[in-house]
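Try each task before reading its solution.

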Amino acid sequence: MNIEPQIGSRTFEFGTGFANEIQNFVDASLGRAESVAPAWHGVEIVRILEAIYESAAAGREISLV
């Protein structure tokens with residue numbers, strides 16, 4: 001999994017940053033583009049977060065393999 005941001009700049013322009021994301025969502029919904037944030041990304045994030053909470057509660061490493 002690549003967690004390195006795929007952006008050209010390390011700064012975030014708040015005024016336009018979300019506008020691009022929203023435009024991509026609209027374009028993807030209309031079938032004009034690939035989503036930059038597909039649903040499976042969210043599923044993986046939740047899986048990782050659940051493992052973090054489980055690890056903290058159990059006091060041991062949780063494998064995600």
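Buried means under 20% relative accessible area, exposed means over 50%, and partly exposed lies in between. Keep in mind that this model is predicted.

**Exercise 1.** Find the salt bridge partner of Arg32 and classify both residues by accessibility.

*Solution.* Start with the contact: Arg32 pairs with Asp27, and their closest N and O atoms are 2.8 Å apart. That is within the 4 Å cut-off, so the pair counts as a salt bridge. Next, take Arg32: its relative accessibility is 57%, so Arg32 is exposed. Asp27 has a relative accessible area of 17%, so Asp27 is buried.

**Exercise 2.** Work out how Glu44 and Arg47 are placed in helix 2.

*Solution.* The two form a salt bridge, with 3.2 Å between the closest N and O atoms. They sit three residues apart in helix 2, which means about one helical turn separates them. In general, an α-helix has 3.6 residues a turn, so residues three or four places apart point the same way. Arg47 is partly exposed, because its relative accessibility is 35%.

**Exercise 3.** Compare the span of helix 2 with its expected value.

*Solution.* Helix 2 covers residues 39-58, 20 residues in total. From first C-alpha to last it reaches 29 Å, close to the expected 28 Å. Just after helix 2, Gly59 has a positive phi of about 70 degrees.

Note on methods
Residues numbered from 1 in each chain as written. Predicted model: local features only at pLDDT ≥ 70, side-chain atom pairs only at ≥ 80, totals over all residues. Heavy atoms only, no water. Helix = DSSP H or I, 4+ residues; strand = E, 2+ residues; numbered from the N terminus. Expected span 1.5 Å × (residues − 1). Salt bridge = Lys/Arg side-chain N within 4 Å of Asp/Glu carboxyl O. Buried < 20%, exposed > 50% of the residue type's maximum accessible area, 1.4 Å probe, protein only.
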